[in-house]
Amino acid sequence: MKTALSTLVTAAVLLAAAPQAAHAYWGFGVGPSKIDINCAGTLTCDRTDNGGKGYFGGNLPGPVAIDASALSWGRAESTSAGGNGLKTRAVGLGVQGVWIASFAWGQCDVRAGAAYNRASTDLTSGGATSSGHHNLLAPHVGFGCAYPLTPGLMLTAAVDLSRVKYT
């Protein structure tokens, strides 16, 4: 987590120190998420949840920007015979470069960078619960389009992808 925090602080300092940064932005999003856990041999399995992200960034000269984000990839749960269960959830911190294409109706962007993700897993077996976690620095990519509602407010539809390892 210290590595991810220092990465976010570095990104914030770069944004604040960039004299060319003409426009800072921030936002948040919530949407469906799917965690691809192995459900073979389980009685119930729910891989879908709601995920979310909060982000801030700044435009640089030309059609580029840099932003940082805090991510919740959601959670997944499964149960098997005998009341055994698995609950897993994932969060992350990311930094990405952004290429922006402007159109008469709004703008679209493509993002690429890295996310420091953390998966936490609770396994219940025979009435006892054990927990574990796994950290992974992984590529973080995404794309989206935004439509301006007012000069300071945009409605955005986006997809974010990264990789998380589970214990």
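Author: Let us start with a term: a salt bridge is a side-chain nitrogen of Lys or Arg within 4 Å of a carboxyl oxygen of Asp or Glu. The structure above is a predicted model, and a search through all of it finds 5 salt bridges.

Reader: What makes Asp-122 and Arg-89 a salt bridge?

Author: Their closest N and O atoms are 3.5 Å apart. The cut-off is 4 Å, so the pair qualifies. It links distant parts of the chain, with Asp-122 in strand S6 and Arg-89 in strand S5 (residues 85–103), 33 residues apart.

Reader: Why is Asp-122 called partly exposed, and why is Arg-89 called that too?

Author: Asp-122 has a relative accessible area of 22%, and Arg-89 has 30%. Buried means under 20% and exposed means over 50%, so values in between are called partly exposed.

Reader: How do you know that Asp-160 and Lys-53 meet in a salt bridge?

Author: Their side chains come to 2.9 Å, N to O. That is within the 4 Å limit, so the name applies. Asp-160 sits in strand S8 and Lys-53 in strand S3 (residues 48–59), 107 residues apart. Lys-53 counts as buried, because its relative accessibility is 17% and the cut-off is under 20%.

Reader: What makes Arg-111 part of a network?

Author: Arg-111 and Asp-160 also form a salt bridge, at 3.3 Å from N to O. Arg-111 lies in strand S6 and Asp-160 in strand S8, so this pair ties together parts 49 residues apart in sequence. Salt bridges with shared partners then join Lys-53, Asp-109, Arg-111 and Asp-160 into one network. Arg-111 has 6% relative accessibility, and under 20% means buried.

Reader: Is Asn-117 buried or exposed, and how do you know?

Author: This strand S6 residue has a relative accessible area of 0%. Buried means under 20%, so Asn-117 is buried. Leaving aside residues up to four places away in sequence, Asn-117 touches several others, including Trp-73, Val-91, His-134, Leu-136 and Val-164.

Reader: What makes the approach of the Asn-117 side chain to Arg-163 a polar contact?

Author: The side chain of Asn-117 reaches the backbone oxygen of Arg-163 at 2.9 Å. Thr-150 has 40% relative accessibility and counts as partly exposed.

Reader: Why can Val-110 belong to a nonpolar patch on the surface?

Author: Val-110, in strand S6, has a relative accessible area of 46%. Patch members need over 30%, so Val-110 passes that test. The patch also holds Val-64, Trp-99, Val-141, Phe-143, Val-159 and Leu-161, with about 600 Å² of accessible area together. Strand S7 (128–150) and strand S8 (153–161) each give two or more residues to this patch.

Reader: What is the overall secondary structure?

Author: The protein has 1 helix and 8 strands, in the order α-β-β-β-β-β-β-β-β along the sequence. Buried residues make up 32% of its 167 residues.

Terms used
Residues numbered from 1 in each chain as written. Predicted model: local features only at pLDDT ≥ 70, side-chain atom pairs only at ≥ 80, totals over all residues. Heavy atoms only, no water. Patch = residues over 30% accessible without salt bridge, like charges linked within 9 Å, V, L, I, M, F, W, Y side chains within 5 Å. Areas by Shrake-Rupley, 256 points an atom, 1.4 Å probe, with all protein chains shown as cover. Helix = DSSP H or I, 4+ residues; strand = E, 2+ residues; numbered from the N terminus. Buried < 20%, exposed > 50% of the residue type's maximum accessible area, 1.4 Å probe, protein only. Polar contact = N/O pair within 3.5 Å; in protein donor to acceptor, adjacent residues only side chain to side chain. Contact = heavy atoms within 4.5 Å.
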